Amino acid sequence: MFFSSKIVVGIDIGASSIKLAEIEFSSKGAILENFAVIPSPLQSINNGEITDTLLVADSIRTCFKENGFRYKNVCIGLSGTAVIIKKIGIPKVDPKKLSEQIKYEATQYLPFDISQVTLGHHLLSFTNNPENIEVLVVAAQNEFILNYLSSINQAGLKCAVLDVSSLALANIFELNNGRTAEPVALFNFGSNITNFLVLLRGEVIFSRDIPVGGFHFTNEISKNMGVTFEEAEALKIAQGSSSEVPEETRTFMNMALDYVTEEIRNSIDFYTATAQGHLISKAYYTGGASLTSGLIDHLTETLKLPFEIFNPYLKIKSGNRKITQSYLKQISPFISIACGLGLRQSDDK
C-alpha cells in the first residue's frame with residue numbers, strides 16, 4: 001500500500017463540474033476510496049482557465065468537508081489553450097545541456113513568451129531518427145498555473161503534484177489497458193474542451209486540447225431557438241431520450257455536430273501529417289459530453305475510425321460501500337481524469 005503521506009486527491013477542474021478522486025493501493029490493486037462531483041461555480045472557469053479563484057476554492061473546500069476526503073495533498077490537472085504539449089526532435093546532446101537545448105528548441109514552437117511559461121519535458125523511449133532525441137515538451141503560462149495554485153491554497157489544501165489532464169488520461173488508460181503496440185487515440189469530451197491524445201507503446205506521442213464540447217450543442221440550441229441556456233441544456237438531453245422535443249432541436253444539434261466533428265477531424269489530420277507513419281488504429285472515448293445524442297455514431301461514420309467506450313474500472317475497484325456498482329456505472333463518463341490524477345504520488349515529479 002502507498003504510504004499515506006504519498007497519497008494525493010486527484011482534482012479535475014472542468015468548466016461544468018469539478019471531480020475529486022481518492023485512490024489507494026493494496027494487494028488487490030488500485031482502490032477507489034472516495035469520489036465526488038460538484039457543479040463548477042458559474043463563470044469561474046473559461047477554456048481551462050480559472051477566472052475566479054475564490055469561488056473555485058470555496059467549492060473545493062466545501063466538497064472536501066462534506067464528502068470526508070482524508071488527504072490534504074492534491075494533484076491538479078491543467079488543460080486548455082494556455083497549455084501546450086508538443087513532441088519535438090532535437091540533436092543528441094550532453095545530458096547536462098539537455099534542459100537548455102529543449103528550452104531553445106521550444107522557443108521556436110511555442111506561441112508564448114518563453115519567459116512567461118513553465119516548461120517540463122519527458123524523453124520518449126523511441127525515435128525514427130537515431131541521430132535525434134524525441135522529447136515531449138509541456139508548457140503552461142505562469143499566470144494560468146498561479147490561478148490553479150491559488151485556488152488550491154485558498155481551499156486549505158496543498159498542491160503536491162501539478163499534472164496535465166491529457167497525461168492523466170494516458171495514466172489511467174495504461175493502468176487499465178496496458179501498453180498498445182499500435183497507435184490509439186483517446187478522447188475526453190468535456191463541456192468546453194475535448195482532450196485528444198495518441199498513445200503508442202506506453203508513450204504519449206501527440207496531445208491537443210480542442211476547444212469544443214457539450215457547450216457548443218447547448219449554445220447552438222439556445223441562440224437559434226431563443227431559449228435560456230438552462231432550457232437549451234434540457235432540450236439537448238431530452239433529444240437523446242424518448243421525450244418529445246421541438247423538431248428544430250435536431251436541426252441545431254446537427255449544426256453543432258458538424259462543427260464539432262470538423263474540429264476533431266482537423267486535429268486528427270494535423271496529427272496524421274506529423275505522425276511519420278504512426279496512423280491511428282482505434283479510438284477510445286470518455287467524458288460527459290460523449291453522452292451527447294448522435295456524437296459518437298457521427299464521429300465513427302464521418303472519420304471512418306472505430307470508437308470504443310473507455311472502461312476505467314478494469315483495474316480500479318471500489319473500496320467504499322457508498323460507491324456501489326450502479327453508482328460506478330453512473331459516474332463512469334466523468335471519472336477518468338480525476339482518477340488518473342489520483343494515481344499519482346506526492347513525491348512524483
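The legends below describe close-up views of a predicted model.

**View 1. Helices α1 and α3 pack against each other.**
Helix α1 covers residues 53–67 and helix α3 covers residues 142–154. Two packed helices are described by the angle between their axes and the distance between the axes. For α1 and α3 the angle is about 45 degrees, and the axes lie 8 Å apart. That angle makes α1 oblique to α3, because angles under 35 degrees count as roughly parallel and 65 to 115 as roughly perpendicular. The two helices cross in a right-handed sense.

**View 2. Residues in the contact of α1 with α3.**
From α1, the contact uses Thr53, Leu54, Val56, Ala57, Ile60 and Arg61. From α3, the residues are Asn147, Ser150, Ser151, Ile152 and Gln154. Sorted by class, the residues of this contact are five nonpolar, five polar and one charged.

**View 3. An open sheet of three strands.**
The strands run in the order β7-β9-β8, and their pairing is antiparallel. Strands β7 (83–91) and β8 (117–123) stand at the edges. Each edge strand has a single partner strand, so one side of each is left without a neighbour in the sheet. On average, neighbouring strands are turned by 25 degrees against each other, direction ignored.

**View 4. Strand β8 beside strand β9, with helix α2 on the sheet.**
Strand β9 spans residues 132–141 and pairs with β8 in the antiparallel sense over seven bridges. Which residue of β9 is the bridge partner of Leu119? The partner is Ala139. Helix α2 (residues 98–107) packs on this sheet and touches β7, β8 and β9. The direction of α2 makes about 115 degrees with that of β7.

**View 5. Helices α7 and α8 pack against each other.**
Helix α7 is made of residues 248–274, and helix α8 of residues 295–303. Their packing angle is about 50 degrees, with the axes 10 Å apart. At this angle, α7 is oblique to α8. The crossing of α7 with α8 is right-handed.

**View 6. Residues in the contact of α7 with α8.**
Helix α7 contributes Leu257, Asp258, Val260, Thr261, Ile264, Arg265 and Ile268. Helix α8 contributes Leu295, His298, Leu299, Thr302 and Leu303. By class, this contact has seven nonpolar, three polar and two charged residues.

Methods:
Residues numbered from 1 in each chain as written. Predicted model: local features only at pLDDT ≥ 70, side-chain atom pairs only at ≥ 80, totals over all residues. Heavy atoms only, no water. Axes fitted to C-alpha atoms, helices over the stretch in contact; angles between N-to-C directions. Helix = DSSP H or I, 4+ residues; strand = E, 2+ residues; numbered from the N terminus. Parallel < 35°, antiparallel > 145°, perpendicular 65-115°, else oblique. Left-handed = near helix turned anticlockwise from the far one by under 90°. Contact = heavy atoms within 4.5 Å. Nonpolar A, V, L, I, M, F, W, Y, C, P; charged D, E, K, R; others polar. Pairing = 2+ DSSP bridges.
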